[in-house]
Amino acid sequence: MSTTSIPDDLLLRERFTDIKPPLSPQAAVIEANRCLNCFDAPCTAACPTHIDVPGFIKRISTGNLRGSALRILDANILGSSCAKACPVEVLCEGACVMHRYNSEPIQIGRLQRYAMDSFQATGEELLTAPRGSRNVQVACIGGGPASLACAAELCRHGAHAIIIERNELPGGLNTYGIAEYKLRTSDSLREAEMIRRMGVEFRTGAAIETAEALEELESEFDFLFLGVGLGAMQRMNIPGEDQKGVLNALEFIASYKTGRLKEMSGTVVVVGAGNTAIDAASAARRLGAETVYLLYRRGEREMTAFDFEYEHAKHEGVQFLWRRQPYAIRTNERGRLLLDTVQVNEVGRSLQPVEGSENVIECDYVIPAIGQSPFAQLVQDLRRIELRNGIIVVDPETGQTGNSRYFAGGDCANGGREVVDAVADGKRAARAIMKIAEAAYA
Ligand code: SF4
């Protein structure tokens with residue numbers, strides 16, 4: 001069985017400072033006491049996993065940190081990473097009633113982090129239900145947040161869950177794909193380790209890529225949960241994109257998070273304007289690149305990254321080039337990349353180049369981050385599981401696919417949302433699986 005232990009060198013590499021530093025004990029209690037303990041808790045309603053926000057905050061104010069953390073974990077097994085990676089400004093904190101009184105919202109994310117850090121420091125294990133006599137067996141394919149949440153929830157209900165992950169380390173985007181200043185690799189691995197100690201089995205470094213491998217799993221397990229995320233970044237489909245210096249955004253983020261890439265210099269152009277593009281651009285600056293451009297074919301208002309991510313990138317020194325589209329990549333005599341771009345305007349629903357607006361950016365790296373393509377072709381081809389625009393189609397209430405033994409959640413089923421959405425998907429599927437299993441044995 002693979003281990004989820006934290007490599008020492010990863011701990012040493014935690015040099016990227018936190019975007020939101022932890023609260024001191026005194027500050028946490030003062031902040032917790034500001035909470036009005038609203039009976040209708042709009043903050044809880046705004047959380048996809050429905051964490052009992054006033055409940056866990058109340059426990060912080062009374063010094064019951066263990067109770068507070070258990071309250072969080074009841075609803076969200078990845079409460080620690082969500083405390084750091086969640087866009088709280090548009091979820092729980094965005095819904096806080098304090099806005100109505102022209103006050104600062106309660107710092108729910110930082111309080112959640114405070115409770116979770118304190119719980120993790122104790123090393124306490126979570127209790128799970130004894131293995132049920134029905135012995136429901138579920139394989140969760142993909143080791144990211146959706147599968148972790150699904151497997152943990154199944155374990156809590158007495159099922160046997162195993163996580164199959166193609167990478168050497170579990171955690172998916174939490175481990176490999178979220179910028180270090182938001183979520184450290186070691187934090188992600190610590191959470192996966194907690195889930196392993198609940199009884200979830202991990203098989204890492206194991207890819208399922210053939211019909212035989214899938215058939216083997218089907219014969220071994222009652223249900224399969226697909227938490228395979230989204231695959232490689234889409235290609236730009238322009239000449240010259242295969243040359244040295246053109247980096248895949250997700251691989252680039254994974255390289256620096258796992259310490260394979262420690263610094264970079266020169267000029268970097270990131271293409272795209274989603275959260276992955278922003279993460280890549282900010283990381284390039286932090287790794288030492290003197291000039292970082294983020295180039296987007298549409299305008300500032302159309303970018304899909306959150307406002308606070310955009311503000312953060314500007315603060316890091318990233319320069320934004322709007323309404324520019326690359327159309328070729330060449331190399332000059334000094335071996336530097338030449339990115340040919342043109343200004344584009346929206347005409348109807350399409351983008352048209354503006355005549356005479358061609359421009360060449362001389363740079364050292366180009367990082368396309370223009371959306372992600374799905375990794376679900378195998379099950380579509382072999383099990384006729386429906387994909388729509390590359391996304392696995394599921395029942396929104398249960399996460400069940402058209403094939404009754406297959407469930408799916410996280411990015412591969414929701415198209416690429418937040419960690420907390422993946423956790424909610426995984427939990428929902430686990431509960432639906434247990435319901436079906438119990439009905440079958442009743
Ligand atoms: Fe506390 Fe704000 Fe939630 Fe009300 S809405 S319970 S004040 S965090």
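How do strand β6 and strand β7 pair, and over how many bridges? In this predicted model, β6 (residues 267–271) and β7 (residues 291–296) run in the parallel sense and share five bridges. Helices (H or I, at least four residues) and strands (E, at least two) are DSSP runs, counted off from the N terminus, and two strands pair if DSSP finds at least two bridges between them. Within this pair, V269 sits opposite Y293 of β7.

Helix α14 (residues 275–286) packs on the sheet these strands belong to, touching β6, β7, β8 and β13; contact here means heavy atoms within 4.5 Å. The direction of α14 makes about 165° with that of β7. Such angles run from 0 to 180 degrees between N-to-C directions, with axes fitted as lines to C-alpha atoms, for helices over the stretch in contact. The sheet itself is open, with four strands in the order β8-β7-β6-β13 and parallel pairing. Because β8 (319–322) and β13 (365–368) are the edge strands with a single partner each, one side of each has no neighbour in the sheet. From one strand to the next, the twist averages 20°.

A second open sheet has five strands, ordered β3-β2-β1-β4-β17, and its pairing is parallel too. Here the edges are β3 (201–204) and β17 (406–408); each has a single partner strand, so one side of each is left without a neighbour in the sheet. On average, neighbouring strands are turned by 20° against each other, direction ignored. Strands β1 (residues 137–141) and β2 (residues 160–165) pair in the parallel sense over five bridges, and V138 has A161 in β2 as its bridge partner. Helix α12 (residues 211–220) packs on this sheet, where it touches β1, β2, β3, β4 (223–226) and β17, at about 150° to the direction of β1.

As for domains, with bounds from an automatic or database assignment, the chain splits into domain 1 (20–122), domain 2 (137–231 + 373–441) and domain 3 (249–368). The centres of domain 1 and domain 3, taken over C-alpha atoms, are 35 Å apart.

How far can the model be trusted? Mean pLDDT (the predictor's confidence in each residue, from 0 to 100) is 87 for the chain, with 90% of residues at 70 or more. Residues 1–15 stay under 50. Residues are numbered from 1 along each chain as its sequence is written, and side-chain values use heavy atoms, leaving out hydrogens and water. Local features need pLDDT of at least 70 and side-chain atom pairs 80 or more, whereas totals for chains, interfaces and linings use all residues.
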